[in-house]
Amino acid sequence: MNLISLLKSSFHPVILGHRNADPDAVCAMIAVADICRKLNPKSIPKLACDDVSRLSMQVLNRFAPSAEILETIEDDHDLVILVDTNSLLQLGPSLKDVVLNPERTLVIDHHEPNPELDNIAKHAVVRSDRYSACEILVSLYDEVELEIGADIANLLLTGMLFDTRRFLYADADTLIAATRLVHNGADYHACISSLAIKPNRSERIARLKAAGRLQVHNIDNWIIVTSRIKAFEASACRGLIGLGADVAIVSGSPSNGEVRLSSRSTTEFYEKTGVNLGSDVMEPLGELIEGKGGGHPNAAGANGRILGDKAVSRAVQLIRNAIKRGPSSEDDESS
Ligand SMILES: [Mn+2]
């Protein structure tokens with residue numbers, strides 16, 4: 001059965017996106033629903049995600065205010081379409097146990113195919129060389145011989161902008177697809193601005209205070225900055241990286257008398273020094289400050305009971321030691 005007959009034959013398709021659905025997922029899902037309705041005017045597509053990201057909500061409010069995205073589904077569907085994921089686990093707790101008939105399941109995705117894909121779906125449009133699900137949707141409209149209307153064009157362009165990080169990751173085909181969407185009525189500037197999130201006032205003030213109380217540590221030509229605020233320390237770290245730091249460590253002081261440390265580093269810092277903020281810095285620091293710590297190579301944190309300034313200088317010391325040890329420290333990491 002080809003794609004057109006599969007979609008034409010469905011009256012109750014359910015279109016599923018991954019958990020914490022990002023703009024690429026929700027925009028592509030709405031486009032899939034549009035295709036279903038146009039190929040079979042009697043089709044009543046339902047959309048569902050375990051949850052939808054805050055940024056996606058903002059995009060939906062701007063371009064598809066009437067779109068309804070459910071959190072769970074009933075088993076009354078005659079076709080399941082997975083969008084922007086090809087793994088059931090990625091659907092999240094509320095949807096991962098969806099009842100599937102592989103003959104009546106279609107996957108539209110741009111991630112690497114997972115080994116169980118064949119068991120899930122007999123129909124798949126999985127193109128891991130594409131930079132977003134929305135980009136795949138542009139060519140799907142051609143495949144099913146439908147025009148892309150202006151409303152859908154705005155959604156697809158926004159999804160592409162998000163997943164490509166404003167076309168940082170793209171090739172000629174991506175740009176051609178984007179141009180086509182603009183020709184079809186997408187408002188490029190509106191799409192860009194729909195993705196801009198301005199932090200709330202207290203968060204912005206916290207970031208600015210963190211910048212005002214900054215201390216700069218020069219270690220082997222890397223710029224390590226530290227600061228302290230009451231709250232929003234993760235956001236402050238991101239702000240300080242944006243100002244030009246290679247590593248930012250900010251301590252916050254929640255009302256329970258504990259100290260909370262957040263840290264961020266640039267990809268370049270991790271790649272060149274091998275210093276993993278999670279395993280090299282925040283994990284050992286968590287013990288030193290009588291608490292717990294951990295995280296990822298470029299983003300990690302710790303909570304504990306020892307005073308903020310002391311904890312911060314310990315963190316700098318750990319980074320200094322790790323830089324001196326050099327990139328070989330990668331060997332003893334499991335993640
Ligand atoms: Mn995606």
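Modeller: A residue is called buried under 20% relative accessible area, exposed over 50% and partly exposed in between, using a 1.4 Å probe and protein chains only. This is a predicted model, in which local features need pLDDT of at least 70 and side-chain atom pairs count only at pLDDT 80 or more, while totals for chains, interfaces and linings use all residues. Residues are numbered from 1 along each chain as its sequence is written, and side-chain values use heavy atoms, with hydrogens and water left out.

Biologist: How many helices and strands does the chain have, and what are its spans along the principal axes?

Modeller: Helices (H or I, at least four residues) and strands (E, at least two) are DSSP runs numbered from the N terminus. In this chain the secondary structure comes to 13 helices and 12 strands, and the C-alpha trace spans about 65 × 40 × 40 Å along its principal axes. Of the 335 residues in the chain, 49% are buried. The chain exposes about 16400 Å², with carbon and sulfur atoms supplying 50% of that area, as computed by the Shrake-Rupley method with a 1.4 Å probe, where for residues only the protein chains shown count as cover.

Biologist: What share of the contacts in the chain, among those with a separation of 6 or more, comes from residues 24 or more positions apart?

Modeller: A contact means heavy atoms within 4.5 Å. Residues 24 or more positions apart account for 62% of the contacts with a separation of 6 or more.

Biologist: Which residues of helix α3 are buried?

Modeller: In helix α3, which covers residues 54–63, the buried residues are Leu55, Ser56, Val59, Leu60 and Phe63. They lie on the same side of α3 because they cover an arc of only 140 degrees around the axis, the arc being that of the directions from the helix axis to the C-beta atoms. The face of α3 turned away from this buried side carries the exposed residues Arg54 and Asn61.

Biologist: Which elements do the buried residues of α3 pack against?

Modeller: They pack against helix α2 (23–39), strand β3 (69–70), helix α6 (150–163) and helix α8 (188–194).

Biologist: Which residues have the most contacts inside the largest nonpolar core?

Modeller: A nonpolar core is a set of buried Ala, Val, Leu, Ile, Met, Phe, Trp, Tyr and Cys residues joined through side-chain atoms within 4.5 Å. The largest one here has 55 residues, and those with the most contacts inside it are Leu7, Ile81, Leu137 and Leu156. Helix α2 supplies the largest share of this core, 12 residues. Leaving out residues up to four places away in sequence, leucine 156 touches Cys27, Ala28, Ala31, Cys134, Leu137, Val138, Tyr141, Ile148 and Leu181. A second, separate core of 24 residues includes Ile219, Val247, Val281 and Ala322.

Biologist: Which residues form the nonpolar patch on the surface?

Modeller: Patches are made of residues with over 30% relative accessible area and no salt bridge, like charges being joined within 9 Å and nonpolar side chains (Val, Leu, Ile, Met, Phe, Trp, Tyr) within 5 Å. Here Leu214, Val216 and Ile223 form a nonpolar surface patch with about 230 Å² of accessible area together. Leucine 214 sits in the loop between α9 (201–212) and β7 (215–219), and with a relative accessible area of 31% leucine 214 is partly exposed.

Biologist: How many salt bridges does a search of the whole structure find?

Modeller: A salt bridge is a side-chain nitrogen of Lys or Arg within 4 Å of a carboxyl oxygen of Asp or Glu. The search finds 13 of them. In one, the side chains of lysine 38 and aspartate 34 meet at 3.2 Å, N to O. Both residues of this pair, lysine 38 and aspartate 34, lie in helix α2, 4 residues apart, about one turn of the helix. Lysine 38 is partly exposed at 43% relative accessibility, whereas aspartate 34 is buried at 11%.

Biologist: Where in the chain do glutamate 143 and arginine 127 lie?

Modeller: These two residues form a salt bridge, with the closest N and O atoms of glutamate 143 and arginine 127 being 3.2 Å apart. The pair links distant parts of the chain, 16 residues apart, with glutamate 143 in helix α5 (residues 133–143) and arginine 127 in the loop between β6 (123–126) and α5. Glutamate 143 counts as partly exposed at 42% relative accessibility, and arginine 127 is also partly exposed, with a relative accessible area of 25%.
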